[in-house]
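Got your viewer open and ready? Let's take a walk through this model, one selection at a time.

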Amino acid sequence: MKIGIIVHSQTGHTLLVGERLREKLQGDGHEVSLMRMQNLENEEAKNPTDVQLDSLPETKGYDALVFGAWVQGFTLCPGFIKYAEQLPDLSQTPVSCFLTQQFRYKWMGGNRAMSKMTTSLEAKGAVVKSTAIINWSNKKRDQQIEGLMERFSSQYKV
């Protein structure tokens with residue numbers, strides 16, 4: 001399969017998870033592209049209209065997509081919200097989503113952010129197959145990343 005991984009990453013945490021997932025999926029025999037977008041300025045912007053992204057990664061030409069973003073202020077980062085608003089129709093494309101957040105527990109913004117992320121992608125026609133939240137300050141962070149990689153890659157077995 002041809003899989004696109006699109007991450008919005010400022011600190012590199014979300015990008016790191018995307019890179020590890022790319023390695024796993026490539027090891028499984030898939031053709032994988034990893035694309036990163038960042039805020040050009042004002043990474044602390046609270047409103048999507050105040051965000052300028054350095055790129056708008058393309059979603060066409062993939063059999064499946066994985067989106068990654070981060071939690072900011074107990075909700076989905078505004079840069080990803082802005083990106084999702086500009087997405088074309090994903091017409092039943094299978095999608096997986098992951099978030100990184102600094103706090104230890106999903107209920108500290110991660111669950112709310114994931115709900116917003118999946119809702120915005122489903123509004124564009126995506127079929128969300130799997131989700132994961134990585135709690136960066138949790139002692140089990142590496143186990144969470146391993147679980148994400150196994151769960152996401154199991155969807156794309158050849």
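**Stop 1: an enclosed helix**

Start with helix 2: 7 of its 8 residues are buried, so helix 2 is largely enclosed by the rest of the structure. Buried means under 20% relative accessible area, with exposed over 50% and partly exposed in between (1.4 Å probe, protein chains only). Helices (H or I, at least four residues) and strands (E, at least two) are DSSP runs, numbered from the N terminus.

Before going on, know that this is a predicted model, where local features need pLDDT of at least 70, side-chain atom pairs count only at pLDDT 80 or more, and totals for chains, interfaces and linings use all residues. Residues are numbered from 1 along each chain as its sequence is written, and side-chain values use heavy atoms, leaving out hydrogens and water.

Now select Pro78, Gly79, Phe80, Ile81, Lys82, Tyr83 and Ala84: these are the buried residues of helix 2. What covers them? Color strand 1 (2-8), strand 2 (31-37), strand 3 (64-72), strand 4 (75-76) and helix 3, which are included in the cover.

**Stop 2: helix 2 beside helix 3**

Two packed helices are described by the angle between their axes and the distance between the axes. Show helix 2 (residues 78-85) with helix 3 (residues 110-122): their axes come within 9 Å and cross at roughly 10°. Axes here are lines fitted to C-alpha atoms, for helices over the stretch in contact, and angles run from 0 to 180 degrees between N-to-C directions. That makes helix 2 roughly parallel to helix 3. Angles under 35 degrees count as roughly parallel, over 145 as roughly antiparallel, 65 to 115 as roughly perpendicular and the rest as oblique.

Pick out Phe80, Ile81 and Ala84 on helix 2, then Lys116, Met117, Ser120 and Leu121 on helix 3; these residues make the contact. Contact means heavy atoms within 4.5 Å.

**Stop 3: helix 1 and helix 4**

Next, bring up helix 1 (residues 13-27) and helix 4 (residues 141-154), whose axes come within 10 Å and cross at roughly 45°. This makes helix 1 oblique to helix 4. On helix 1, click Val17, Arg20, Leu21, Lys24 and Leu25; their partners on helix 4 include Asp142, Ile145, Glu146 and Leu148.

**Stop 4: a threonine in a loop**

Finally, find Thr59 in the loop between strand 2 and strand 3. Is Thr59 buried or exposed? At 8% relative accessibility, Thr59 counts as buried.
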